[in-house]
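Welcome, and thanks for taking a look at this one with me. Please have the sequence and the model at hand as you read.

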Amino acid sequence: CCVVLRVSGEDGVQHARGRLLTALRARADSATASFPAKYRLGCVLHYQGLTQEALPLVRKLLASCESKYGPENEETLACASLL
């Protein structure tokens, strides 16, 4: 699944960033959200400097991955890299 946004000019870029975050948050908040959906949101929040929102999500994902797959799993290490 992907999100496609049409962007024109700097105002369009800022608006597109907001719409992207809204779409990613909605997907990650759904009851059936997958690991990739939550991880994508964590990445976007992290790289946009929205650390206060990213950290709880990433910590929860990391704990889930560690218990499910172990500490050396690829998904576990990907989550840990965001902390």
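Predicted model: local features only at pLDDT ≥ 70, side-chain atom pairs only at ≥ 80, totals over all residues.

The protein has four helices and zero strands, and from the N terminus on its elements run α-α-α-α.

**Overall picture**
- Of the 83 residues in the protein, 27% are buried.
- The accessible surface comes to about 5,700 Å², and carbon and sulfur atoms account for 54% of that area.
- If you take the contacts between residues at least 6 apart in sequence, 35% of them join residues at least 24 apart.

**The largest pocket**
- The largest pocket holds about 160 Å³ of space.
- Two elements, α2 (35-47) and α3 (51-69), each give two or more residues to its lining.
- Helix α3 gives the most to this lining, with six residues.
- Among the lining residues are Phe-35, Lys-38, Lys-60, Leu-61, Ser-64, Cys-65, Lys-68, Tyr-69 and Glu-75.
- Sorted by class, the lining of the largest pocket has five nonpolar, two polar and four charged residues.

**A look at Thr-76**
- Thr-76 sits in helix α4, which spans residues 74-80.
- Thr-76 counts as buried because its relative accessible area is 1%, and the cut-off for buried is under 20%.
- Leaving aside residues up to four places away in sequence, Thr-76 touches Leu-62, Cys-65, Glu-66, Tyr-69, Gly-70 and Pro-71.

Note on methods:
Residues numbered from 1 in each chain as written. Heavy atoms only, no water. Buried < 20%, exposed > 50% of the residue type's maximum accessible area, 1.4 Å probe, protein only. Contact = heavy atoms within 4.5 Å. Areas by Shrake-Rupley, 256 points an atom, 1.4 Å probe, with all protein chains shown as cover. 1 Å grid on protein atoms, 1.4 Å probe; cavity = no way out; pocket = protein on both sides within 12 Å on 5 of 7 lines; lining within 4 Å. Points joined across faces, edges and corners; volume = space filled by probe spheres on them. Nonpolar A, V, L, I, M, F, W, Y, C, P; charged D, E, K, R; others polar.
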